[in-house]
Amino acid sequence: TTGDLTTDMGLKVHEYSMTVEDSAATGVITDTLPTNFIVLSVLVAVTTAATNAVTLTNLGPVGATDTWINGNGSAMNSTGFKGVFVGNGANGLVTLGAGTTAAAAAPATLTVTLSGDPGATGCTVKFKVLGISSTSDTE
């Protein structure tokens, strides 16, 4: 009937493994990112540690690289579980919950940013992202 919304909405978990190479501060992967995705939390684990003392700075789609995690600060120079963090970027629960901005469709690339060069081994980080994903409303 007219006026009915036919939106699919649900909790989704997306898993990404990203590497920042030696002499770089960012790593990029090409993947299909969710549409209309609100980041609730992000689990961070390092699988290949940086040899330099660097920290996780941001995580988000290319062009808006701090929209999932912004200014995190977790040490990346040791392997293992770093924590589960609330999505505090522009497409995260904290920011979206405090304003009137809607989550937008994301491009098909994701960028992780470290505070500097991870060193000779590079740095590989696994992210498990929990969020709310929905299709666009139609009548």
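Helices (H or I, at least four residues) and strands (E, at least two) are taken here as DSSP runs, numbered from the N terminus. On that basis, the chain comes to one helix and eight strands, and its elements run β-β-β-β-β-β-α-β-β from the N terminus on. The model is a predicted one, in which local features need pLDDT of at least 70 and side-chain atom pairs count only at pLDDT 80 or more, while totals for chains, interfaces and linings use all residues. Residues are numbered from 1 along each chain as its sequence is written, and side-chain values use heavy atoms, with hydrogens and water left out.

The strands can be followed sheet by sheet, with two strands counted as paired if DSSP finds at least two bridges between them. Strand β1 pairs with β8 (residues 123-134) in the antiparallel sense over 12 bridges. Within this pairing, leucine 11 has isoleucine 132 in β8 as its bridge partner.

Another open sheet of four strands has the order β2-β7-β4-β5, and here too the pairing is antiparallel. Its edge strands, β2 (26-30) and β5 (69-70), each pair on one side only. Five bridges join β2 to strand β7 (residues 109-114) in the antiparallel sense, and valine 28 stands opposite threonine 111 in β7.

What lies at the surface? Val86, Leu93 and Val94 form a nonpolar patch there, with about 230 Å² of accessible area together. Such patches are made of residues with over 30% relative accessible area and no salt bridge, nonpolar side chains (Val, Leu, Ile, Met, Phe, Trp, Tyr) being joined within 5 Å; a salt bridge is a side-chain nitrogen of Lys or Arg within 4 Å of a carboxyl oxygen of Asp or Glu. Areas come from the Shrake-Rupley method with a 1.4 Å probe. Valine 86 is found in strand β6 and is partly exposed, with a relative accessible area of 43%.

Buried residues make up 39% of the 139 residues, where buried means under 20% relative accessible area, exposed over 50% and partly exposed in between.

Key:
Patch = residues over 30% accessible without salt bridge, like charges linked within 9 Å, V, L, I, M, F, W, Y side chains within 5 Å. Buried < 20%, exposed > 50% of the residue type's maximum accessible area, 1.4 Å probe, protein only.
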